[in-house]
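Me: I would like to learn how to read the features of a structure, step by step. Could you take me through this one?

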Amino acid sequence: QADVFTYDPGFTSTAACDSAITYIDGDKGELLYRGYPIEQLADKSHYLEVCYLLLNGELPNKEQMADFEGRITRHTMLHEQIHNFFRGFRRDSHPMATMVGVVGAMSAFYHDSLDINDPWQREVAAMRMIAKLPTIAAMAYKYSIGQPFVYPRNDLDYASNFLHMCFSVPAETYTVQPALAKAMDRIMMLHADHEQNASTSTVRLAGSSGANPFACIAAGIACLWGPAHGGANQACLEMLREIGTVDRIPEFIARAKDKNDPFKLMGFGHRVYKNFDPRAKVMKESADEVLDLLGVHNNPLLQVAKELEQIALHDEYFIAKKLYPNVDFYSGIILEAMGFPTSMFTPIFALSRTVGWISQWKEMISDPAGKIGRPRQLYTGSEGRDYLDVENR
Ligand code: SDX
């Protein structure tokens, strides 16, 4: 008996929702995916295995993993007609704008044949999005730099395939460095899900109306773009560029403390973590590994980042406000070192978070307690009053 999904307009909203996917303890700095600590997964697992875990609730055995990886690999290509959507955008469009548009357009290609009341077809939609988002993000990047699209390769793992689609060109052979692929896979894993953050709540809210999953993920991408959320990694690197040199850091620290100055230190602070973001700790290790591998420790931007981190970690304001470097601070450094433009930082966050969004969407659709429905408001406007003609105003 397929779940029957019917939108109940009388449905009263709940501010929170039940979910068995991700657990965060902001005070302890704990993050668990289906009960497994993020540190152990980052150390022992890989992104596609984490995708299986988030979607299905359990780690896969060898056969399950092989089947899952095979189904993802064989759906990494896009319908050729979707390529035309990219060409409708200006070359200098932000890749996030392109991703919102193209992922939304997937509704027109894959949704008509999709019945979200059928659990298996929900599974198909989930797999298609996990498979195709890296291809869409890479194509958005290639389009923005005027290079030809590069097709996915089935002989590469997920992270290597993404780097291949971004950095290879038809004119020469590109070989993915395993250490960079490992760092990219870790970035994807650490961004895979994060409980009811703004973009995940957007996906749940859109899905609670019965909208198709492609449109819901496009809504999540749009929300993630904001600089206070997923756009923070790009904003963080742009801030580091604005600071420019280590001697200018005190000026920006003073601005961050000034209540009359709207400036905030991008890459610091978190709505939930009042301790170190456990993802940031793992990401910091990766950043050091990647900088060593690429020999870019002397990059002035990265020197400013390291000095800013040390100052913020010992400054009484940041300690008092419990503002620690967050996941976006270090992921921006790694992506910068890998050669990605800052405009690609949030698209990489979006493709990584797609599995979290789609897992939460699946849980919401199949579990009435998970539907946000219609958030309540506290009305603070005028009391009831009669209309005044313009002559009497
Ligand atoms: C992500 O929700 C998620 O899970 C999101 C995310 C995910 O994986 O989905 O973790 C990803 O969005 C991480 C956050 C990335 N954003 C940034 O790095 C942007 C910079 N950070 C700030 O915008 C801010 O820290 C927020 C928005 C993240 C949190 O804002 P809050 O809820 O106001 O932070 P808070 O309650 O901890 O603030 C406490 C105080 C406030 O001052 P007072 O009102 O107490 O005087 O610290 C101040 C804030 O004004 N403050 C900062 C600051 N962040 C908070 N001051 C200077 N610089 C900052 N970065």
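Me: What radius of gyration would a compact globule with 393 residues have, and what does the protein have?

Reply: This is a predicted model, in which local features need pLDDT of at least 70 and side-chain atom pairs count only at pLDDT 80 or more, while totals for chains, interfaces and linings use all residues. Residues are numbered from 1 along each chain as its sequence is written, and side-chain values use heavy atoms, with hydrogens and water left out. The radius of gyration is taken over C-alpha atoms, and the globule rule is 2.2 Å times the number of residues to the power 0.38. For 393 residues a compact globule would come out near 21 Å, and the protein, at 22 Å, agrees with that. Along the principal axes, its C-alpha atoms fill a box of roughly 65 × 60 × 45 Å.

Me: How many helices and strands does the protein have?

Reply: Helices (H or I, at least four residues) and strands (E, at least two) are DSSP runs, numbered from the N terminus. By that reading the protein has 17 helices and three strands.

Me: How are α11 and α17 oriented to each other?

Reply: Two packed helices are described by the angle between their axes and the distance between the axes. Axes are lines fitted to C-alpha atoms, for helices over the stretch in contact, and angles run from 0 to 180 degrees between N-to-C directions. Angles under 35 degrees count as roughly parallel, over 145 as roughly antiparallel, 65 to 115 as roughly perpendicular and the rest as oblique. The axes of α11 (residues 232-243) and α17 (residues 345-366) come within 7 Å and cross at roughly 155°, and the two helices are therefore roughly antiparallel. Where they touch (contact means heavy atoms within 4.5 Å), N233, Q234 and L237 of α11 meet F345, T346 and F349 of α17.

Me: At what angle do the axes of α2 and α3 cross?

Reply: The axes of α2 (residues 47-56) and α3 (residues 62-73) come within 10 Å and cross at roughly 105°, which makes α2 roughly perpendicular to α3. In this contact, L48, E49, C51, Y52 and L55 from α2 meet Q64, M65, F68, E69 and I72 from α3.

Me: Is E363 buried or exposed?

Reply: Buried means under 20% relative accessible area, exposed over 50%, and partly exposed in between (1.4 Å probe, protein chains only). E363, which lies in helix α17, has a relative accessible area of 14% and is therefore buried. Leaving aside residues up to four places away in sequence, E363 touches D18, S19, A20, I21 and R204. Across the protein, 52% of the 393 residues count as buried.
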